[in-house]
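Q: Can we go through this one together? I'd like to start with the ligand and then move on to the rings.

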Amino acid sequence: MKDKDLINLLNQMTLDEKIGQMVQVAGDIFLEDTIDVSTGPLKNLGLSNEMLYNVGSILNVMGAERVKKVQDEYLSKSRLKIPLLFMDDVINGYKIAFPIPIAQGCSWNVETIKEMTKISAMESNIAGANVNFSPMVDLSRDARWGRVMESIEGEDPYLGQVYAKAMVEAYQGKDLSELGNIASCVKHIAAYGAVEAGRDYNTVDMSEREFRQYYLPSYKAAIESGAEMIMTSFNIVNGIPATINKWLIQDIIRNELNFKGIVISDYGAIEETIAHGASKDEKQAALNAINAGVDIEMMSSMYSNNLKELCLENKEIEEKVNESVLRILRLKNKLGLFENPYGNIDKQKEDIYIMNKDNLERAKKLTQETFVMLKNENNILPLDTNKKIALIGPYADNSAITGSWSMFSDRTKNKTILDMFKERMTNEKLLYSKGTEILREEKINEILRADGLPLIHVENEKEKEELSIKEAFETAKEAEIIILLLGEHYRQSGEACSRSNISLPENQIKLINELHRLNKPMIMILFNGRPLQLNNVADKFDGILEVWFPGTTGARAITEVLFGDVNPSGKLTMSFPQNAGQCPIYYNHYNTGRPLLRDFRYMSRYQDIPTESFYSFGYGLSYCNFKYENLKLDKNKMTEEDIITVTIDVENQSAYEGYEVIQLYIQDLFGSVVRPVKELKGFKKEFFKPFEKRQIKFEIDIEMLKFWNQDLEYIAEEGDFKVYVGGNSVNVLEETFKLNR
Ligand code: NOJ
């Protein structure tokens, strides 16, 4: 349709029909047999049956047949037959679950992330998705916050910008109506990752400089890459809930970043402005949201119940409604829904493309790039397959390794590590014992209670645990290498999964301590959605492999890495704290006036733990051993027009081939405002043959030196800078240069 036809259509719409477009409802309300009876979310939202056939979009209904049924039912009763938009949370894949986003980020490979994104876009598009609520680019510095698992960038805004662009482009392609392309909704605007004390939905209060320097850039990159939608966050931003924050949505997002797309609230977030104490009642909540510029209300009924009255009271509000509806119609049009309301739904294609064999093979390779080897003493890895190996722990024979958001993929069907080892090893060489559950009853019940699910009771839990650990001990006694497969429950990270204790569960620590008594080489494979506290267990292990929640192909991917078919190459994107007391912790922090440069009491430090993280940003080992030398700058002075060429020699001093992520950091030594001790400004993931030595090159230009100065101008200031290059953020070589403007 032409834009003027969309405007014509808008002009034909009644006020109710317009407001309906601005309402999003969840689930399968159109799939119920007795559609006239309002149940579930419908009832909660208080939508009349008439209004139901005016709504503009649906949340999280997927599957070609189901989506078609809903669209048909809707269109059969809607007057103007404006097709529904289907929006979904395909966070780390649809049927093929990929590694969770934090893991994807650890690949430091933009092409890998693009490929995963493309496959999930294709699978979900065929199954009916028009819009995906991804990428999530909330900068995350606090491991207590459960949603760090969704953050593609971890604690780094540079990574965030690169990844945001890659993902938006991969989702949307060039033409949204084409098979395999879906609209991208970047979230959560804004600064959701900075919730105080890591408690979900909590307060965010920060200086505008901090916001612009660290939190805004990734959202900006997504918007500049063409993201069709943004989602507001649940938190307040400097005193005002993001969802009704005019400064945020109007001044920054619309006016400064020139965003033309759709703003959707998060789930129930408009109504929640009442609980925040920022709207006095439902009508004011609706007024505040429309004035701030929210086009679609997700899963609360402030708009459906109040917007009409507000429009009738004030013509300007109707103008705003018209603008919002036009944006929604435009997106439907771009997606080609007016020509074909079913989009790219295709039952036959579903059978061909979904869980497609080639894609699964690709997925496995991509997954392998997301693992981060944290420790490998005495080259315990790759495994010596002549040795007798014991697989112990609750994740050894567990298929629930896809993370909390993979709700469309079947957690029960994935292969387990034990299945995979059985394919490669004889019974004599392979031993298995579960050792312990992921969590004890009390902890599982914390999760179940919060979900409103029936609690469990384990009869004689203590005795059973004793027995099971003893059994594992006896099994491990027979082995030459013990592999412990441990971690969090998948419902311990994700939305509403904040934790004050980020250590492994007590029962798992008990298992570790017991087995450690055997004095045999031990390797830990870690399944988790956040950086964990490992300082209480790491020294018991010779090897540690962080695999996060690796998804559908995880077990095979892990097994191949352990056996040495593939070399691990991931690097951390979030610092692992010594313990939760250090949170928030991040590498790109400021110096205090008393940095810990000497051992003296009155320094910025902890009495009981080191100041630095346990594992730092950018850290990750490989079977190769990389040596860095000869860091050189082609000049030590630059003006605004100059480019400094940085070179460094990187040598693979091993007989393995593998990838290394070479990282470039810059520090501005003095400024009108304090500057971080280091900021990532570039990286390269390079392949090295055995014993290969190569020179790696970076370029530094003026853009890389800019920041928000004292007067909130984005500029580079004259003075001295340091350049650091290395394989992580700590072990680096350094050089200096001067900027003269
Ligand atoms: C709430 C979450 O915060 C958001 O990320 C998600 O996309 C929506 N619910 C929709 O499920």
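Predicted model: local features only at pLDDT ≥ 70, side-chain atom pairs only at ≥ 80, totals over all residues.

Q: How far is an oxygen atom of the ligand from the side chain of Asp89?
A: The distance is 2.4 Å, taken to an N or O atom of the Asp89 side chain.

Q: And what about Lys187?
A: There, a side-chain N or O atom sits 2.8 Å from a ligand oxygen. Asp266 also takes part: one of its polar side-chain atoms is 2.4 Å from an oxygen atom of the ligand.

Q: How much of the ligand's accessible area does the protein cover?
A: 95% of it; on its own the ligand has 300 Å².

Q: OK, rings now. How many aromatic pairs are there?
A: The structure has 24. One of them is Phe211 with Trp247: the centres are 5.7 Å apart and the planes are at 50°, so this pair is tilted.

Q: Where do Phe211 and Trp247 lie?
A: Phe211 is in helix H9, residues 208-224, and Trp247 is in helix H10, residues 246-256. The pair therefore ties together parts that are 36 residues apart in sequence.

Q: Is Phe211 buried or exposed?
A: Buried, with a relative accessible area of 1%. Trp247 is partly exposed, at 25%.

Q: What about Tyr587 and Phe617, stacked or tilted?
A: Stacked, because their planes are at 10° and the cut-off for stacking is under 30 degrees. Their ring centres are 4.2 Å apart.

Q: Where are Tyr587 and Phe617 in the chain?
A: Both are in the loop between helix H21 (554-562) and strand E17 (626-633), 30 residues apart.

Q: And how accessible are Tyr587 and Phe617?
A: Tyr587 counts as buried at 9% relative accessibility. Phe617 is buried too, at 0%.

Q: Which residues do ring pairs link into a cluster?
A: Trp108, Tyr158, Tyr587, Phe617, Tyr665 and Phe683.

Q: Last topic, charges over rings. Which ring face does Arg694 lie over?
A: That of Phe688, with 4.5 Å to the ring centre. Arg601 lies over the face of Tyr602, at 6.0 Å from the ring centre.

Technical notes: Residues numbered from 1 in each chain as written. Heavy atoms only, no water. Phe/Tyr/Trp six-rings, centres within 6.5 Å; stacked < 30°, edge-to-face > 60°. Helix = DSSP H or I, 4+ residues; strand = E, 2+ residues; numbered from the N terminus. Buried < 20%, exposed > 50% of the residue type's maximum accessible area, 1.4 Å probe, protein only. Lys NZ or Arg CZ within 6 Å of the ring centre and 35° of its normal. Polar contact = N/O pair within 3.5 Å; in protein donor to acceptor, adjacent residues only side chain to side chain. Areas by Shrake-Rupley, 256 points an atom, 1.4 Å probe, with all protein chains shown as cover.
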